[in-house]
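Please give a short briefing on the structure shown below for someone who is meeting it for the first time.

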Amino acid sequence: MTDARTWHPCGVNLADSAFLRACRRQPVPHTPVWYMRQAGRSLPEYLRIREGVPMLTACSTPDMIVEITMQPVRRYGVDAAIFFSDIVVPLKAIGVDLDIKPGVGPVVADPIRDARGLEALRPIEPDDVPYVTEAIQALTGELGGTPLIGFAGAPFTLGSYLIEGGPSKNHDHTKAMMYGEPKLWHALMERLSTIVLEHLRIQIAAGASAVQLFDSWVGAVAPADYREFILPHTRRIFEGLPDVPRIHFGVGTGELLGVLGEAGADVVGVDWRVPLDEAARRVGPGKALQGNLDPAVLLAPWEVVERKAREVLRQGRAAEGHVFNLGHGVLPSTDPDQLRRLTDLVHEAGRQS
Ligand code: CP3
């Protein structure tokens with residue numbers, strides 16, 4: 001079956017790429033690999049281009065987005081690129097007063113604590129993020145046969161930044177609203193879902209061949225509460241997307257893997273705490289898995305990286321499709337040479353006969 005959208009002008013059918021095939025649980029010539037936060041502070045070429053440029057300025061400048069997205073593809077030969085941006089970019093684009101503070105993360109000037117605060121969250125339109133469309137269109141040309149992953153933060157994770165006003169260990173205010181003011185909570189989740197869904201659609205319309213929903217901090221929630229307070233909103237997002245592979249990722253989600261499998265993604269991202277064979281059992285049939293080498297392993301000598309990576313590949317065979325990745329983002333102190341060697345190892349060792 002061919003789909004006009006997957007044919008690249010250079011004559012390659014992106015649907016044949018190992019990454020998209022693994023997401024769709026089809027046989028692959030080798031295990032595909034990319035790394036969360038593959039573009040970023042572990043790359044000297046990234047640090048150079050970012051010198052003196054604030055994060056949110058970089059995220060709204062098409063030339064910089066294209067160059068930074070390409071850097072890890074050139075250096076590592078990964079099987080997918082991830083669009084250089086941040087989860088708070090669509091919120092900034094609709095006028096939420098926030099910044100990304102180096103070494104801290106997103107900081108919001110007026111945290112949302114009541115119904116009035118919701119008014120700041122109007123729907124997003126393509127004209128709010130022209131630089132996203134422009135950069136993705138340029139990238140699909142530059143990338144040739146390498147698929148581009150678009151992404152967004154999920155409503156819980158975005159909600160936590162908006163309610164707390166910044167990064168949070170326990171998500172106290174967030175959970176206080178969730179349990180104490182469920183109507184306000186659902187209204188907030190609904191507004192965020194509308195923004196997230198449209199932001200992902202904009203990226204797909206511009207040329208992204210897959211999307212990842214980052215619900216990084218959702219591991220803080222118990223399964224029954226996930227079902228009640230978060231699942232309906234995540235489902236609406238996945239159901240509303242056009243037919244591209246959808247990846248769903250969170251950290252510390254061992255107990256949530258079953259219910260995450262119900263949210264509707266094609267691929268469930270797994271952190272390093274649960275071995276992939278056990279994760280496959282918890283997620284259930286009909287899903288591919290992505291993960292899950294502990295990013296800190298890359299700080300150890302190569303022999304350790306190799307041993308641990310082979311273990312992940314072996315455990316990943318229990319999944320119906322496996323996209324190799326880390327269990328969370330690349331740590332800033334990672335030696336890029338380790339990631340280059342790891343990419344080669346996954347391609348060699350993950351070759352299926
Ligand atoms: O993965 C990639 O290479 C694509 C780019 C990307 C960034 N942020 C760039 C970035 C992606 C996919 C994100 C997603 C993101 N942003 C998430 C979900 C993924 C995850 O890590 O769980 C979250 C929670 C955020 C919020 C955020 N933005 C944090 C926690 C930070 C780090 C703060 C710090 O400085 O330690 C940011 C800033 C950020 N986003 C940087 C990058 C490269 C670092 C800023 C810089 O280089 O100045």
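Predicted model: local features only at pLDDT ≥ 70, side-chain atom pairs only at ≥ 80, totals over all residues.

**Briefing**

Residues are numbered from 1 along each chain as its sequence is written.

**Backbone details**

- The peptide bond that leads from G291 to N292 is cis, and its omega is near -5°.
- R25, which is not a glycine, has a positive phi of about 65°, and R25 sits in the loop between α1 (18-23) and α2 (44-50), where helices are DSSP runs of H or I with at least four residues.
- For context, most residues other than glycine have a negative phi, and most peptide bonds are trans.

**Around the ligand**

- The ligand has 23 residues around it, of which A39, G40, G105, F214 and S216 come nearest; a residue counts as near if its C-beta atom, placed from the backbone, lies within 6 Å.
- G40 belongs to the loop between α1 and α2.
- By class, the shell around the ligand holds twelve nonpolar, seven polar and four charged residues, with Ala, Val, Leu, Ile, Met, Phe, Trp, Tyr, Cys and Pro counted as nonpolar, Asp, Glu, Lys and Arg as charged, and the others, Gly among them, as polar.

**Helices α4 and α6**

- The axes of helix α4 (residues 62-76) and helix α6 (residues 130-143) come within 9 Å and cross at roughly 40°, with axes being lines fitted to C-alpha atoms over the stretch in contact and angles running from 0 to 180 degrees between N-to-C directions.
- That angle makes α4 oblique to α6, a term for angles that are not under 35 degrees (roughly parallel), over 145 (roughly antiparallel) or 65 to 115 (roughly perpendicular).
- In α4, P62, I65, V66, T69, M70 and V73 meet Y131, E134, A135, A138, L139, E142 and L143 of α6, contact being defined by C-beta atoms, placed from the backbone, within 7 Å.
- The contact of α4 with α6 is made up of ten nonpolar, one polar and two charged residues.

**Annotations from UniProt**

- An unreviewed UniProt entry carries a "binding site" annotation on R37, Q38, A39, G40, R41, D86, Y161, S216 and H328, and such annotations may be inferred rather than shown by experiment.
- These positions span 292 residues in sequence and their farthest two C-alpha atoms are 22.8 Å apart, so they do not all gather at one spot.

Conventions:
Helix = DSSP H or I, 4+ residues; strand = E, 2+ residues; numbered from the N terminus. Contact = placed C-beta atoms within 7 Å.
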